[in-house]
Protein chains: 6
Amino acid sequence: MSIQSINARNQFRGKVKEIIEGPVVSEIDVDTPFGIVTSVITTRSVKELKLAVGTEVLALVKATEVSIAKL
Amino acid sequence: MSIQSINARNQFRGKVKEIIEGPVVSEIDVDTPFGIVTSVITTRSVKELKLAVGTEVLALVKATEVSIAKL
Amino acid sequence: MSIQSINARNQFRGKVKEIIEGPVVSEIDVDTPFGIVTSVITTRSVKELKLAVGTEVLALVKATEVSIAKL
Amino acid sequence: MSIQSINARNQFRGKVKEIIEGPVVSEIDVDTPFGIVTSVITTRSVKELKLAVGTEVLALVKATEVSIAKL
Amino acid sequence: MSIQSINARNQFRGKVKEIIEGPVVSEIDVDTPFGIVTSVITTRSVKELKLAVGTEVLALVKATEVSIAKL
Amino acid sequence: MSIQSINARNQFRGKVKEIIEGPVVSEIDVDTPFGIVTSVITTRSVKELKLAVGTEVLALVKATEVSIAKL
């Protein structure tokens with residue numbers, strides 16, 4: 001079942017640069033034009049998605065999860 | 001009280017491009033060198049931070065909030 | 001750009017039953033075979049996704065967002 | 001102190017099917033009428049709630065955490 | 001159905017001090033012995049929970065949602 | 001780059017009381033006037049922020065992440 005589009009307004013396209021695998025969750029570092037975007041997902045998902053260094057992915061963030069800091 | 005650093009690994013620096021103000025929450029669109037990052041925060045925070053079009057900000061996202069999709 | 005698969009382990013397929021539109025965010029109630037799943041997304045996303053009553057959608061939740069209560 | 005009700009609109013009742021325990025966080029798979037709902041919570045909470053395979057639980061999700069994808 | 005206990009490690013007990021109602025989401029300010037805790041939930045939940053100024057509540061936060069900043 | 005202020009309405013100032021380090025994420029328990037506030041962040045962030053028992057920190061929570069339960 002392929003997804004046509006998703007509501008996440010913040011989509012960062014890139015390639016997996018590094019995977020740090022833990023017993024329950026893993027860190028996925030994605031190399032994007034915005035810089036490195038880091039994600040923590042379940043290790044089961046890493047396996048189901050067959051993620052590896054170099055895999056093309058989209059890092060997605062809901063707008064309600066984004067904080068704003070003033071410089 | 002100024003903050004030295006924060007754990008959010010994903011930090012996107014930019015300028016506020018647009019604010020859509022609602023009665024409870026507002027949408028803040030941040031123009032970064034690589035695209036727009038959208039945030040929804042409380043309208044009270046918008047006022048307390050004195051955000052306006054052009055304000056320099058940092059959009060921050062916790063790694064646990066980032067999803068990964070395979071293309 | 002179509003997405004092949006996503007890490008969100010919790011995926012609930014259904015049809016949009018109701019949309020409550022606000023100026024910034026909207027509530028989307030999705031009718032699934034096992035009950036209603038409710039989502040709040042930006043009103044801009046509702047428009048970009050062209051959501052309407054009856055649209056077939058997938059409601060997605062990251063495992064790190066799910067709390068557990070004991071009965 | 002028992003809780004009468006909670007704001008999470010999305011409540012999935014079921015039984016714990018599997019626990020994958022890690023040093024900091026654990027994965028809890030809950031068998032519900034909606035299918036398996038997966039949660040990641042702290043391992044301390046797993047112990048404090050005395051969760052085990054078969055425990056009756058409620059998996060709870062805030063509406064603001066639910067994303068919508070179009071098929 | 002009453003809940004015995006929940007995994008959210010961060011629980012702040014207090015009384016509702018103010019409700020700012022919007023068409024989709026509302027802001028709930030909870031007066032706790034140590035300061036105000038602010039929550040945004042759906043306006044439907046506010047009504048279902050029959051929240052009003054003075055209602056005794058528990059504000060709950062999952063540990064994965066808490067960020068850490070260094071001063 | 002120091003941050004002047006941030007939108008997170010819920011800020012709990014305190015000292016790190018305990019760190020449980022995992023391979024990917026770590027639990028940080030912060031002793032605040034509100035009681036212990038628990039956070040789960042990436043182990044990389046723990047190292048980058050040089051967190052240790054006794055470090056003065058701010059635990060931050062977005063209002064959209066706070067749930068409300070009725071007692």
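A few ground rules: residues are numbered from 1 along each chain as written, and chains are lettered from A in the order written. The model is predicted, with local features needing pLDDT of at least 70, side-chain atom pairs counting only at pLDDT 80 or more, and totals for interfaces using all residues, while side-chain values use heavy atoms, without hydrogens or water.

**Stop one: the whole interface.** Select everything in contact (heavy atoms within 4.5 Å): you pick up 35 residues from chain B and 34 residues from chain A. Together the chains bury about 3100 Å², with carbon and sulfur atoms giving 65% of that; buried area is the accessible area (1.4 Å probe) lost on being put together, summed over both parts. Now highlight B:I68, B:K70 and B:L71, which supply 21% of the area that chain B buries against chain A, more than any other three residues.

**Stop two: the paired strands.** Show β5 of chain A, residues 56-61, beside β6(B): they run antiparallel, joined by four bridges. Strands here are DSSP runs (E, at least two residues), numbered from the N terminus, and two of them pair if DSSP finds at least two bridges between them. Zoom in on B:I68 again, and you'll find A:A59 standing opposite.

**Stop three: a charged meeting.** Which side chains meet in a salt bridge? Pick A:R9 and B:E27, at 4.0 Å, N to O. The count between the two chains is one salt bridge, meaning a side-chain nitrogen of Lys or Arg within 4 Å of a carboxyl oxygen of Asp or Glu.

Terms used
Buried area is the accessible area (1.4 Å probe) that two parts lose on being put together, summed over both.
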